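The structure comes first, and the comments follow.

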Amino acid sequence: MAKAASPRKAVKKPTTKTAKPTAMPNGLDAGMKAPAFALPADDGSVVKMKDLKGRKVVLYFYPKDLTPGCTTEAIDFSAQKKAFEKAGAKVFGISKDSVERHLKFRDKHDLSVRLLSDESGEMLEAYGVWAEKSLYGRKFMGINRTTFLIDEKGVIARIWQKVKVKDHAAEVLDAVKAL
């Protein structure tokens with residue numbers, strides 16, 4: 001008597017661990033310590049993460065000075081600067097532009113938030129915002145518009161990726177107040 005064929009065992013497909021929606025492509029996520037940095041600012045100072053301990057910090061990364069979306073975002077954060085300060089937060093805009101270009105940007109639009117220059121791109125890489133982008137079928141490296149809220153202990157409290165500029169500063173301010 002022939003043996004009956006045994007039913008096939010279902011083979012379990014390997015699962016890939018997917019990042020939470022807030023996680024950056026490099027794995028940086030809310031609840032993790034914010035990467036250290038020291039960058040030149042538009043006011044001639046050097047801003048260091050270690051000097052910001054004990055304060056809430058908003059880091060908004062934007063692609064380029066003097067462009068429409070980046071200008072709107074910087075103006076919106078500047079308009080809310082006093083409210084951010086009242087909520088105990090410092091706000092910094094960061095791009096790969098030079099300090100000299102930041103000065104032109106700041107002066108042209110009367111910006112009050114401090115702008116930090118990361119020409120080397122080290123901080124952009126550490127925060128996972130330097131990535132391949134595509135425009136009209138052309139691929140290039142650039143900054144993905146992203147905002148980080150960091151608590152008083154230097155821990156990332158929240159990340160906004162693929163930021164839509166409209167009402168973003170107000171949304172971040174609400175999150176600062178809730179922290």
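**Notes on the model**

1. Tyr136 is exposed, with a relative accessible area of 82%, where exposed means over 50%, buried under 20% and partly exposed in between, using a 1.4 Å probe and protein chains only. This residue is found in the loop between strand 6 (130–135) and strand 7 (138–143), and its phi is near 55°, a positive value in a residue other than glycine.

2. The model is predicted, with local features needing pLDDT of at least 70, side-chain atom pairs counting only at pLDDT 80 or more, and totals for chains, interfaces and linings using all residues. Residues are numbered from 1 along each chain as its sequence is written, and side-chain values use heavy atoms, with hydrogens and water left out.

3. Leu66 is another residue to check: although it is not a glycine, its phi is positive, at about 65°. Leu66 sits in the loop between strand 3 (56–61) and helix 1 (68–79), and it counts as partly exposed at 34% relative accessibility.

4. The chain holds 5 helices and 9 strands, these being DSSP runs numbered from the N terminus (helices: H or I, at least four residues; strands: E, at least two). Read from the N terminus, the order is β-β-β-α-α-β-α-β-α-β-β-β-β-α.

5. Of the chain's 179 residues, 41% count as buried, and the accessible surface comes to about 10,900 Å² (Shrake-Rupley method, 1.4 Å probe), with 54% of that surface belonging to carbon and sulfur atoms. Among contacts (heavy atoms within 4.5 Å) between residues at least 6 apart in sequence, 65% join residues at least 24 apart.
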